[in-house]
Amino acid sequence: MKLRVRTWGEGERTVLLVHGLAADSGTWHDIACELAEWGHRVVAPDLRGHGRSPRGYYSPEALASDLVDTLPKGAHLAVGHSFGAAALTLAAQELAPGRLVYAEPYWNIAAVGELPEAETANRLMGTERDQIAAQHPEWPSEAVAAEAEARSRWDPRTMVDLHAFDMPCTPGAAEVPSLVLRAELPSAAPALDEPLLRRRGFDVATVQGAGHVLHRDRPKAFLAALRPLL
(Lines give C-alpha, C1' and ligand atoms only; values in the text may rest on other atoms or scores of the structure.)
Protein backbone atom coordinates (compact mmCIF):
# COMPACT_ATOMS: atom_id res chain seq x y z
CA MET A 1 0.00 0.00 0.00
CA LYS A 2 1.38 3.39 -1.00
CA LEU A 3 0.89 5.96 1.73
CA ARG A 4 0.18 9.62 1.42
CA VAL A 5 3.26 11.62 2.47
CA ARG A 6 4.09 15.24 3.23
CA THR A 7 7.51 16.75 2.72
CA TRP A 8 9.26 19.83 4.06
CA GLY A 9 12.61 21.28 2.98
CA GLU A 10 15.07 20.33 0.27
CA GLY A 11 18.22 19.44 2.19
CA GLU A 12 20.58 16.65 1.18
CA ARG A 13 19.94 14.68 4.36
CA THR A 14 16.51 13.10 4.81
CA VAL A 15 14.64 12.72 8.10
CA LEU A 16 11.63 10.39 8.34
CA LEU A 17 8.89 11.10 10.89
CA VAL A 18 6.34 8.35 11.64
CA HIS A 19 3.30 9.37 13.72
CA GLY A 20 1.39 7.39 16.31
CA LEU A 21 -2.17 6.16 16.69
CA ALA A 22 -4.97 8.57 15.64
CA ALA A 23 -2.47 11.20 14.46
CA ASP A 24 -1.23 11.92 10.94
CA SER A 25 1.69 13.55 9.16
CA GLY A 26 0.31 17.03 9.82
CA THR A 27 0.79 16.64 13.56
CA TRP A 28 4.56 16.76 12.91
CA HIS A 29 4.29 20.17 11.21
CA ASP A 30 6.13 22.29 13.79
CA ILE A 31 8.91 19.74 14.27
CA ALA A 32 9.24 19.21 10.51
CA CYS A 33 9.44 22.94 9.80
CA GLU A 34 12.22 23.33 12.34
CA LEU A 35 14.16 20.39 10.91
CA ALA A 36 13.76 21.88 7.43
CA GLU A 37 15.12 25.17 8.76
CA TRP A 38 18.15 23.21 9.96
CA GLY A 39 18.74 22.14 6.36
CA HIS A 40 17.06 18.73 6.20
CA ARG A 41 14.48 17.23 3.87
CA VAL A 42 11.68 15.87 6.03
CA VAL A 43 9.30 13.12 4.90
CA ALA A 44 6.29 12.10 7.01
CA PRO A 45 3.67 9.51 5.94
CA ASP A 46 0.07 9.06 6.97
CA LEU A 47 -0.06 5.47 8.22
CA ARG A 48 -2.78 3.30 6.69
CA GLY A 49 -6.10 4.12 8.32
CA HIS A 50 -4.88 7.62 9.14
CA GLY A 51 -4.94 10.98 7.41
CA ARG A 52 -5.40 10.69 3.66
CA SER A 53 -3.86 7.23 3.28
CA PRO A 54 -6.00 4.23 2.26
CA ARG A 55 -7.84 2.05 4.76
CA GLY A 56 -7.35 -1.68 4.95
CA TYR A 57 -6.21 -4.63 7.04
CA TYR A 58 -4.48 -3.40 10.19
CA SER A 59 -1.58 -5.24 11.78
CA PRO A 60 1.90 -4.12 12.89
CA GLU A 61 3.43 -6.00 9.97
CA ALA A 62 1.06 -4.38 7.47
CA LEU A 63 1.87 -0.89 8.73
CA ALA A 64 5.58 -1.69 8.57
CA SER A 65 5.29 -3.05 5.03
CA ASP A 66 3.60 0.20 3.96
CA LEU A 67 6.55 2.18 5.30
CA VAL A 68 9.00 0.05 3.34
CA ASP A 69 6.92 0.41 0.16
CA THR A 70 6.53 4.18 0.51
CA LEU A 71 9.50 5.81 2.22
CA PRO A 72 12.97 6.44 0.82
CA LYS A 73 15.71 4.03 1.86
CA GLY A 74 18.90 5.12 3.56
CA ALA A 75 17.57 8.24 5.32
CA HIS A 76 19.93 10.01 7.67
CA LEU A 77 17.47 9.66 10.57
CA ALA A 78 14.13 7.93 11.15
CA VAL A 79 11.89 8.87 14.08
CA GLY A 80 8.85 6.89 15.20
CA HIS A 81 6.35 7.78 17.93
CA SER A 82 4.20 5.34 19.89
CA PHE A 83 2.54 2.85 17.48
CA GLY A 84 4.60 4.50 14.75
CA ALA A 85 7.74 3.49 16.64
CA ALA A 86 6.49 -0.12 16.73
CA ALA A 87 5.93 -0.10 12.96
CA LEU A 88 9.31 1.53 12.41
CA THR A 89 10.94 -1.20 14.50
CA LEU A 90 9.69 -3.81 12.04
CA ALA A 91 10.61 -1.72 8.99
CA ALA A 92 14.00 -0.45 10.14
CA GLN A 93 16.17 -3.15 8.57
CA GLU A 94 14.73 -2.61 5.08
CA LEU A 95 14.51 1.18 5.37
CA ALA A 96 18.15 1.20 6.53
CA PRO A 97 18.32 4.66 8.10
CA GLY A 98 21.65 5.79 9.46
CA ARG A 99 20.17 6.62 12.87
CA LEU A 100 16.96 5.79 14.71
CA VAL A 101 14.83 7.45 17.38
CA TYR A 102 12.05 5.55 19.12
CA ALA A 103 9.84 7.99 21.04
CA GLU A 104 7.60 6.33 23.64
CA PRO A 105 7.71 3.05 21.69
CA TYR A 106 4.86 0.57 21.92
CA TRP A 107 7.05 -2.47 22.56
CA ASN A 108 6.27 -5.67 24.45
CA ILE A 109 2.49 -5.22 24.51
CA ALA A 110 0.58 -8.50 24.32
CA ALA A 111 -2.60 -8.91 22.29
CA VAL A 112 -5.83 -8.54 24.21
CA GLY A 113 -8.69 -11.00 24.02
CA GLU A 114 -11.63 -8.66 24.43
CA LEU A 115 -11.42 -5.93 21.82
CA PRO A 116 -13.42 -2.70 22.09
CA GLU A 117 -15.90 -1.65 19.45
CA ALA A 118 -14.70 0.97 16.98
CA GLU A 119 -17.22 3.46 18.39
CA THR A 120 -15.76 2.96 21.85
CA ALA A 121 -12.23 3.50 20.55
CA ASN A 122 -13.31 6.71 18.87
CA ARG A 123 -14.91 7.97 22.06
CA LEU A 124 -11.86 7.08 24.16
CA MET A 125 -9.53 9.05 21.91
CA GLY A 126 -11.73 12.15 21.79
CA THR A 127 -12.08 13.86 18.44
CA GLU A 128 -13.44 17.31 19.29
CA ARG A 129 -11.21 20.33 19.81
CA ASP A 130 -12.55 21.01 23.30
CA GLN A 131 -11.85 17.41 24.33
CA ILE A 132 -8.27 17.58 23.04
CA ALA A 133 -7.70 20.99 24.61
CA ALA A 134 -8.91 19.63 27.95
CA GLN A 135 -6.55 16.64 27.63
CA HIS A 136 -3.61 18.89 26.71
CA PRO A 137 -4.15 22.35 28.21
CA GLU A 138 -0.55 23.38 27.51
CA TRP A 139 -0.84 22.90 23.74
CA PRO A 140 -1.25 26.01 21.57
CA SER A 141 -4.47 26.31 19.60
CA GLU A 142 -2.70 25.40 16.33
CA ALA A 143 -1.57 22.07 17.79
CA VAL A 144 -5.06 21.32 19.10
CA ALA A 145 -6.54 22.10 15.68
CA ALA A 146 -4.04 19.84 13.88
CA GLU A 147 -4.72 17.00 16.30
CA ALA A 148 -8.49 17.40 15.91
CA GLU A 149 -8.16 17.36 12.13
CA ALA A 150 -6.05 14.19 12.28
CA ARG A 151 -8.52 12.42 14.56
CA SER A 152 -11.43 13.39 12.32
CA ARG A 153 -9.75 11.43 9.48
CA TRP A 154 -8.64 8.48 11.60
CA ASP A 155 -10.24 5.06 11.19
CA PRO A 156 -10.84 3.94 14.80
CA ARG A 157 -10.81 0.36 13.58
CA THR A 158 -7.01 0.61 13.71
CA MET A 159 -7.11 0.71 17.51
CA VAL A 160 -9.35 -2.34 17.56
CA ASP A 161 -7.38 -4.40 15.06
CA LEU A 162 -3.90 -3.52 16.29
CA HIS A 163 -4.72 -4.63 19.81
CA ALA A 164 -5.45 -8.10 18.43
CA PHE A 165 -1.70 -8.52 17.73
CA ASP A 166 1.41 -8.65 19.88
CA MET A 167 3.50 -5.53 19.44
CA PRO A 168 7.20 -5.93 18.56
CA CYS A 169 9.57 -6.78 21.36
CA THR A 170 12.44 -4.57 22.43
CA PRO A 171 15.05 -4.92 19.66
CA GLY A 172 17.87 -7.30 20.49
CA ALA A 173 20.54 -4.75 19.62
CA ALA A 174 20.96 -1.25 18.30
CA GLU A 175 22.32 -1.94 14.82
CA VAL A 176 22.80 1.80 14.14
CA PRO A 177 23.08 4.73 16.58
CA SER A 178 19.68 4.63 18.27
CA LEU A 179 17.95 6.76 20.88
CA VAL A 180 14.91 5.83 22.95
CA LEU A 181 12.98 8.83 24.26
CA ARG A 182 10.64 8.47 27.19
CA ALA A 183 8.17 10.78 28.94
CA GLU A 184 8.77 12.13 32.41
CA LEU A 185 5.04 12.23 33.20
CA PRO A 186 2.74 9.19 33.47
CA SER A 187 2.23 7.84 29.98
CA ALA A 188 0.16 5.50 27.84
CA ALA A 189 3.32 3.74 26.67
CA PRO A 190 4.63 0.63 28.47
CA ALA A 191 7.46 0.92 30.96
CA LEU A 192 10.95 0.63 29.52
CA ASP A 193 13.80 -1.42 30.95
CA GLU A 194 16.48 1.25 30.71
CA PRO A 195 19.42 -0.91 31.90
CA LEU A 196 18.49 -3.57 29.32
CA LEU A 197 18.27 -0.97 26.56
CA ARG A 198 21.69 0.42 27.44
CA ARG A 199 23.21 -3.06 27.49
CA ARG A 200 21.83 -3.58 23.99
CA GLY A 201 23.48 -0.40 22.76
CA PHE A 202 20.63 2.11 22.93
CA ASP A 203 20.92 5.60 24.34
CA VAL A 204 17.99 6.51 26.56
CA ALA A 205 16.78 9.99 27.48
CA THR A 206 13.78 11.44 29.30
CA VAL A 207 12.00 14.51 27.96
CA GLN A 208 11.38 16.55 31.07
CA GLY A 209 7.87 17.81 31.65
CA ALA A 210 6.44 15.79 28.75
CA GLY A 211 3.70 13.20 28.63
CA HIS A 212 3.23 10.58 25.94
CA VAL A 213 3.08 13.03 23.02
CA LEU A 214 6.62 14.28 23.57
CA HIS A 215 6.94 16.40 20.45
CA ARG A 216 3.72 18.26 21.22
CA ASP A 217 4.20 18.65 24.97
CA ARG A 218 7.81 19.84 24.86
CA PRO A 219 8.82 20.51 21.22
CA LYS A 220 12.02 22.40 22.06
CA ALA A 221 13.26 19.63 24.35
CA PHE A 222 12.28 17.03 21.76
CA LEU A 223 14.29 18.81 19.06
CA ALA A 224 17.22 19.23 21.43
CA ALA A 225 17.24 15.46 21.93
CA LEU A 226 17.34 14.92 18.14
CA ARG A 227 20.06 17.44 17.45
CA PRO A 228 23.09 15.25 18.39
CA LEU A 229 21.89 12.63 15.88
CA LEU A 230 21.62 15.22 13.12
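**Rings, charges and cores**

A: Start with a charge over a ring: the charged end of Arg-227 sits over the ring of Trp-38, 3.8 Å from its centre. The term requires NZ of Lys or CZ of Arg within 6 Å of the ring centre and within 35 degrees of the ring normal. Arg-216 does likewise over the ring of Trp-139, 5.8 Å from its centre. The model is predicted: local features need pLDDT of at least 70, side-chain atom pairs count only at pLDDT 80 or more, and totals for chains, interfaces and linings use all residues. Residues are numbered from 1 along each chain as its sequence is written, and side-chain values use heavy atoms, leaving out hydrogens and water.

Q: How many aromatic pairs does a search of the whole structure find?

A: Rings of Phe, Tyr and Trp (its six-membered ring) pair if their centres lie within 6.5 Å; planes under 30 degrees apart are stacked, over 60 edge-to-face, the rest tilted. The search finds 5 pairs. Tyr-57 and Phe-165 are edge-to-face, because their planes stand at 90°, with centres 6.2 Å apart. These two are 108 residues apart in the chain.

Q: Is Tyr-102 buried or exposed?

A: Buried means under 20% relative accessible area, exposed over 50%, partly exposed in between (1.4 Å probe, protein chains only). Tyr-102 is buried, at 3%. Trp-107 is buried too, at 1%. Tyr-102, Trp-107 and Phe-202 form one aromatic cluster.

Q: Which residues touch the most other members of the largest nonpolar core?

A: Such a core joins buried Ala, Val, Leu, Ile, Met, Phe, Trp, Tyr and Cys through side-chain atoms within 4.5 Å. Among the 38 residues here, they are Leu-67, Leu-95, Tyr-102, Val-180 and Leu-197.

Notes:
Helix = DSSP H or I, 4+ residues; strand = E, 2+ residues; numbered from the N terminus.
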